[in-house]
Structure formats: C-alpha cells, structure tokens
Amino acid sequence: MVRKRISTGSPFEETAGYSRAVVTGNWCFVSGTTGYDYASMAMPDDVATQCRNALATIDRALDEAGFARSDIVRARYVVTDASFADIVFPVLGEFFAGIRPAAAMTVSGLIRPEMKIEIDVTALRD
C-alpha cells in the first residue's frame, strides 16, 4: 500500500522528522497539531484561539489528503491545564458538531511553554 505524506511546510516537521499527516489506504493520521498561526509562525496567548488554529491546520491537512472533516473517527486532545477544558469544549463542540468522533483529553506538559493545546485526529474514508 502506498503512503502519502502531507506537509504544512512547518519548520518543525523537517526538524523533528515527521509529516503533518500520513495517508495509507482509507486512513489518514494527522499528527499532534498545536495552535501556531503558520502564516506568521506566531502562537496566540489564549487557548481558544490556539484550539481554532490547530483545528484549521487539521482541516487543511485533511483536505490536502483528500479527506473531509466528517471522516474523522478519533480525536485526542492534550491541554496543559485542566481549567482549559471548559474553554475549548465549545470550540471543539462547534468543530465536531454532527461528527462526534471517539475522543479523549489529557492534561500534560507540551514541548514549548507557549503551547496550551495539541490535537491529533484519525480519519477513515468509507
């Protein structure tokens, strides 16, 4: 089976040796995505904006891979503070309205102090 690798052009992808997404067969695996605005390489301070940015990056990766948001079957969220959950739930609820993938949220540190949320998804095309 041929693998297709998707890149956003982020310098992190090359430095760390990963792809934003990998497609194999009917599956698309989108890597952990933080809230950078890749046009400016700036990280907003608030977690809700970081969440929206991460989801927009995920949408672009899925689109480039030939998948739709509605193909998402699994989502994992990492927040750096439990209090952020109540802030991002409405953003996630709006993004995943009607999709409702299996999901999990954990609280953990991320690799840079400005990062407050990281999201990865798995999509399956029928």
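# A friendly tour of a predicted model

Asp45 is exposed, with a relative accessible area of 62%; here buried means under 20% relative accessible area, exposed means over 50%, and partly exposed is in between, using a 1.4 Å probe and protein chains only. This is a predicted model, in which local features need pLDDT of at least 70 and side-chain atom pairs count only at pLDDT 80 or more, while totals for chains, interfaces and linings use all residues. Residues are numbered from 1 along each chain as its sequence is written, and side-chain values use heavy atoms, with hydrogens and water left out.

- Asp45 sits in the loop between E3 and H2; helices (H or I, at least four residues) and strands (E, at least two) are DSSP runs, numbered from the N terminus.
- Beyond its neighbours within four places in sequence, Asp45 is in contact with Gln50 and Lys116, where contact means heavy atoms within 4.5 Å.
- Asp45 and Val30 are 15 residues apart along the chain, and their C-alpha atoms are separated by 24 Å.
- Ala48 lies in helix H2 and is buried, with a relative accessible area of 12%.
- Not counting residues up to four places away in sequence, Ala48 touches Ile87 and Val91.
- Asp86 belongs to helix H3 and is exposed, at 61% relative accessible area.

- Asn53 is found in helix H2, and a polar atom of its side chain lies 2.9 Å from the backbone oxygen of Gly35.
- Setting aside residues up to four places away in sequence, Asn53 touches Gly35, Tyr36, Asp37 and Pro44.
- Thr57 is also placed in helix H2, and it is buried, with a relative accessible area of 1%.
- The residues that Thr57 touches, not counting those up to four places away in sequence, are Thr8, Arg20, Thr33, Tyr36 and Tyr38.

**The nonpolar core**

- The largest nonpolar core has 29 residues, and those with the most contacts inside it are Cys28, Phe96 and Ile119.
- A nonpolar core is a set of buried Ala, Val, Leu, Ile, Met, Phe, Trp, Tyr and Cys residues joined through side-chain atoms within 4.5 Å.
- At least two residues of this core come from each of strand E2 (21-24), E3, helix H2 (47-65), strand E4 (72-79), helix H3 (85-95) and strand E6 (117-124).
- H2 gives the largest share of this core, nine residues.
- Phe96 is in contact with Leu55, Ile72, Ala75, Tyr77, Pro101 and Val121, leaving aside its neighbours within four places in sequence.

**The largest pocket**

- The largest pocket has a volume of about 250 Å³.
- Of the 15 residues that line the largest pocket, the closest to its centre are Phe12, Tyr18, Ile111, Met115 and Glu118.
- Helix H1 (11-16) and strand E3 (27-34) are the elements that give two or more residues to this lining.
- A pocket is found on a 1 Å grid over the protein atoms alone: it is an open set of points where a 1.4 Å probe fits, with protein on both sides within 12 Å along at least five of seven lines, and lining residues have an atom within 4 Å of a point.
- Grid points are joined across faces, edges and corners, and the volume is the space filled by probe spheres set on the points.

**Loop residues to look at**

- Met41 lies in the loop between E3 and H2, and its phi is near 55°, a positive value in a residue other than glycine.
- Met41 is partly exposed, with a relative accessible area of 33%.
- Arg100, in the loop between H3 and strand E5 (102-107), has a positive phi of about 50° although it is not a glycine.
- Arg100 is exposed, at 73% relative accessible area.
- Gly25 is in the loop between E2 and E3 and counts as partly exposed, at 30% relative accessibility.
- Gly25 and Met1 are 24 residues apart in sequence and 6.7 Å apart in space, C-alpha to C-alpha.
- Leaving aside neighbours within four places in sequence, Gly25 is in contact with Met1, Val2 and Arg125.

Definitions and conventions. A polar contact is a pair of N or O atoms within 3.5 Å; within protein, one must be able to donate a hydrogen and the other to accept it, and residues adjacent in sequence count only if both atoms are side-chain atoms.
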